[in-house]
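My notes follow in the order of looking.

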Amino acid sequence: MEARASSQRGPTGERRLALLYLAPSLIIFAIFVFYPLGRTFYLSTMGTDIIGRANMFVGLDNFTAMFADATFFKALGTTALFVLFTVVPGILGALVIVLLLESRISGQRMFRTVFALPFAFSVATASVIFALIYNPAVGMANGILSHFGIERIGWLTEPDLALISVSITTVWMTLGYNVLVLSAGIGTIPTEVVEAARLDGATGWRLHYRITIPMLSPQLFFLIVISTIHALQSFGQIHILTKGGPDGATSTLVYWIYEKAFSYGSSDFGTASAAAIVLLVIVLICTGIQFGVLERKVHYR
């Protein structure tokens, strides 16, 4: 009987200990994730007064107003372009750099450090640096163009170039992290697999295409998912470099939410919360598609 009672108390004690260890994380998630998420759903169904206080239940009116706003759909299109302009070059560029660094060139450690350096910069720091580079009067970008006799360009003031300029900044900021992840992935590839491929005649690009890239598929899949989510949520560089302009050319969905809720004295938290829910759904759909389609092509060792 005593042994039976002891066995019944054991699992209960273990569960309590497990909950005790989980308590700090659960509290943090409750404060910074679950409560804000619940508050967002609540505000999306509420009307607000001039200072942003919820004062009446409006149901789906905020969603109706959001979908009736042409700037919302423009922000969606801008967000899609921003994701395309940052995720694809950021990952492909890092992959090319890592493969070049694996070509037994001299000074590999120095180059790895140089390419990983952008990862150490904060969003604000990197944005300020590129604001100076894009400066129309004294910036390095126009200085290089002037050297070749090309007229100065308004990198951040021309609607056709502003989004590309912000995307270049974002790619530079994420490149270091991508290089680190892919470099770590190459380090885990068994040397005997590579040597066997070389004995079979695989060299150069054929070796990378047949062996290295397939073996890096877990890291590439991880970067695609993380980079897409990061691009969908990007805000700091857009706010510092262009503030969503010119003429809304760089106003992504996140920045559109900010403008509705806080910018220019606005306090339309209801519509902003509705847009935030749409953004959450977009993130979930993109992640679900990536896991449903791309993960099938991942080669786990």
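**Surface and overall form**

I began with the surface: the protein chain exposes about 17,700 Å², and carbon and sulfur atoms supply 69% of that area. I note that this is a predicted model.

Next I looked up burial. Of the 301 residues in the protein chain, 38% are buried.

I then checked the radius of gyration, which is 25 Å for the protein chain, whereas a compact globule of 301 residues would be near 19 Å. For the extents, I read a C-alpha trace that spans about 85 × 70 × 30 Å along its principal axes.

I listed the secondary structure as 13 helices and two strands. For contacts with a separation of 6 or more, I found that 67% are between residues 24 or more positions apart.

**Largest pocket**

I turned to the open spaces. The largest pocket holds about 590 Å³. I counted 20 residues in its lining, and those nearest the pocket centre are Pro36, Leu37, Thr40, Ala276 and Ile277.

Which helices each supply at least two residues of this lining? I have helix H1 (2-43), helix H12 (253-261) and helix H13 (269-293). H13 gives the most to the lining of the largest pocket, with eight residues.

I also sorted the pocket lining by residue class: 16 are nonpolar, three are polar and one is charged.

**Largest cavity**

I recorded a volume of about 60 Å³ for the largest cavity.

I wrote down the cavity lining by helix. Helix H3 (70-101), helix H7 (159-187) and helix H10 (217-232) each supply at least two of its residues. H3 gives the most, with four residues.

By name, the residues that line the largest cavity are Thr86, Val87, Gly90, Ile91, Thr170, Thr174, Asn178, Ser227, His230 and Ala231.

What is the division of this lining into nonpolar, polar and charged residues? I get three nonpolar, seven polar and no charged residues for the largest cavity.

**Side by side**

Terms used:
Residues numbered from 1 in each chain as written. Predicted model: local features only at pLDDT ≥ 70, side-chain atom pairs only at ≥ 80, totals over all residues. Heavy atoms only, no water. 1 Å grid on protein atoms, 1.4 Å probe; cavity = no way out; pocket = protein on both sides within 12 Å on 5 of 7 lines; lining within 4 Å. Points joined across faces, edges and corners; volume = space filled by probe spheres on them. Nonpolar A, V, L, I, M, F, W, Y, C, P; charged D, E, K, R; others polar. Rg over C-alpha atoms; globule rule 2.2 N^0.38 Å. Buried < 20%, exposed > 50% of the residue type's maximum accessible area, 1.4 Å probe, protein only. Contact = heavy atoms within 4.5 Å. Areas by Shrake-Rupley, 256 points an atom, 1.4 Å probe, with all protein chains shown as cover.
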